[in-house]
Amino acid sequence: ARLLADGPAKAAQKVGEEGVEVALAAVSRDAEGLIEESADLLFHLLVLLRSRGVALGAVMDRLRSRHEQTRTGEEQSA
């Protein structure tokens, strides 16, 4: 609740910080460390999306759309 009250700029800052921590964990920590940092990143991303009024479903829809475009492009290449 406090992070939401601080607004999108603070949430965006946290996403950036957590993204760096995930990248570092990916190369210097075990799987548990990567999981821990990834959970923090996802949490802060969800807070950021909510602070901007963007539904997670909209992001998931975009990912599905990209996957479908990639699959369609691969079928056309074959």
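Glutamate 37 is buried, at a relative accessible area of 11%; buried here means under 20%, exposed over 50% and partly exposed in between, with a 1.4 Å probe and protein chains only. Its place is in helix H3, where helices are DSSP runs of H or I with at least four residues, numbered from the N terminus. Leaving out residues up to four places away in sequence, glutamate 37 touches Glu18, Glu21, Val22, Ala25 and Arg29, contact being heavy atoms within 4.5 Å.

A quick note on the model: it is predicted, so local features need pLDDT of at least 70 and side-chain atom pairs count only at pLDDT 80 or more, while totals for chains, interfaces and linings use all residues. Residues are numbered from 1 along each chain as its sequence is written, and side-chain values use heavy atoms, with hydrogens and water left out.

Now for the helix pair. H2 (residues 8-28) and H3 (residues 31-51) pack at an angle of about 160°, their axes 8 Å apart. The axes are lines fitted to C-alpha atoms over the stretch in contact, and angles run from 0 to 180 degrees between N-to-C directions. That makes H2 roughly antiparallel to H3, a label for angles over 145 degrees. H2 passes H3 in a left-handed crossing, meaning that the near helix is turned anticlockwise from the far one by less than a right angle.

On the H2 side, the residues that meet H3 include Ala11, Val15, Glu18 and Val22; their partners in H3 include Glu37, Leu41, Val47 and Leu48. By class, the contact has 12 nonpolar, 5 polar and 5 charged residues. Ala, Val, Leu, Ile, Met, Phe, Trp, Tyr, Cys and Pro count as nonpolar, Asp, Glu, Lys and Arg as charged, and the others, Gly among them, as polar.

The largest nonpolar core has 5 residues: Leu3, Ala11, Val15, Val47 and Leu48. Such a core is a set of buried Ala, Val, Leu, Ile, Met, Phe, Trp, Tyr and Cys residues joined through side-chain atoms within 4.5 Å. Setting aside neighbours within four places in sequence, leucine 48 is in contact with Pro8, Ala11, Ala12 and Val15.

Aspartate 6 is in the loop between helix H1 (2-5) and H2, whereas glutamate 17 is in H2.

| Pair | Separation in sequence | C-alpha to C-alpha distance |
|---|---|---|
| Aspartate 6 and serine 51 | 45 residues | 9.2 Å |
| Glutamate 17 and aspartate 40 | 23 residues | 9.9 Å |

Notes:
Helix = DSSP H or I, 4+ residues; strand = E, 2+ residues; numbered from the N terminus. Parallel < 35°, antiparallel > 145°, perpendicular 65-115°, else oblique.
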